[in-house]
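Dear colleague,

Please find the structure below, handed over for your own work.

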Amino acid sequence: MNMKKTYPNYFWIVPFAIYTILFILPGLLGLIYSFTNWTIYSSTKSFAGLENYTNLLNDSLFKTGLKNTLLFALITTVFKNVFGFALALALNTKLKTRNLLRTVYFLPMVLSTLIVGIIFKSIFMPDTGLLNVFFSFFSTNLSSTDWLGNPAYAMWMVILVEIWRGTGYCMVIFLAGLQVISKDYYESATIDGANNWQQFKNITLPMMIPSLNVNILLSIINGLKVFDIVIALTGGGPGLSTEVLSTGIYKYMGNGALATGGAANIVLTLFVVAVFAVINGVFSKLEVER
């Protein structure tokens, strides 16, 4: 008796309609409005061509946001994956506390970004913050540093917090990749006389390309779209030192420049799609069959 449940064809219209209304339609409207002079202070919308896009090229908020976004995405991606891979290798052993340590390292990703921001703002406080208290034991000049209020340090502190928060997530994905590698490969390599480094280079690394692809893509995309951790820690300040593209779009919209904000959002979207296509194409060619 065939118990397979079937659904009528019109059943799939509902999720597609919801997706269209909530995602596709707003995206298309944003694209259309980005070619107008629409602001919150005007009731009319006239065609402005590429004016909003060309204005972005001369806007300090956008240029600084783009530079900081690229810096943030690149550095956090590298360190989250390096540290995540190292932790995965360490915790993919028969260590008795490995399950506890996996939970501890993944825990920051579970915490609310707002909670993370509050915790680290207290740690980075110039006078009573834990970091400066630590430095005060060594009588260094750093013991009175305003880590989030100084433009020279603020962006690096935001990057540091993101690395701390996201490393555990990368670790979990790398662990999943490590655990599906057949032990037969290592046994054969050991019989052939391969040492640990040779096994790592010729077996582990090639087999981990799919996991590395996923982690780098997610890290880069999240880095390019970063918003919450910046708002929670610095709000884009001091000045424009921690401004990123998403916070810039937020400020364009908040100041009533709706068309300009829409144009900046389209640029960010196209940039993310282009980076995704390039990275995915490169890693797809490097993948090997298990």
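This is a predicted model: local features need pLDDT of at least 70, side-chain atom pairs count only at pLDDT 80 or more; totals for chains, interfaces and linings use all residues.

Lysine 251 counts as partly exposed because its relative accessibility is 26%; the classes are buried for under 20% relative accessible area, exposed for over 50%, and partly exposed in between, with a 1.4 Å probe and protein chains only. Its salt-bridge partner is glutamate 243, and the closest N and O atoms of the two are 2.7 Å apart. Glutamate 243, at 0% relative accessibility, counts as buried. A salt bridge here is a side-chain nitrogen of Lys or Arg within 4 Å of a carboxyl oxygen of Asp or Glu.

Residues are numbered from 1 along each chain as its sequence is written, and side-chain values use heavy atoms, with hydrogens and water left out.

Searching the whole structure gives 4 salt bridges. One of them pairs glutamate 162 with lysine 80, with 3.2 Å between the closest N and O atoms. This pair links distant parts of the chain, 82 residues apart: glutamate 162 belongs to helix α7 (residues 154-179) and lysine 80 to helix α3 (residues 60-91). Helices are DSSP runs (H or I, at least four residues), numbered from the N terminus. Glutamate 162 is buried, with a relative accessible area of 7%, and lysine 80 is buried as well, at 5%.

Glutamate 162 also meets the side chain of arginine 165 in a salt bridge, at 3.0 Å from N to O. Both of these residues lie in helix α7, 3 residues apart, which is about one turn of the helix, and both are buried. Through shared partners, salt bridges join Lys80, Glu162, Arg165 and Asp228 into one network.

A separate point concerns phenylalanine 47, which is found in the loop between α1 (13-33) and α2 (51-57). Phenylalanine 47 counts as exposed because its relative accessibility is 69%. Leaving aside residues up to four places away in sequence, phenylalanine 47 touches Phe35 and Thr36, where contact means heavy atoms within 4.5 Å.

With kind regards

Conventions:
Helices (H or I, at least four residues) and strands (E, at least two) are DSSP runs, numbered from the N terminus.
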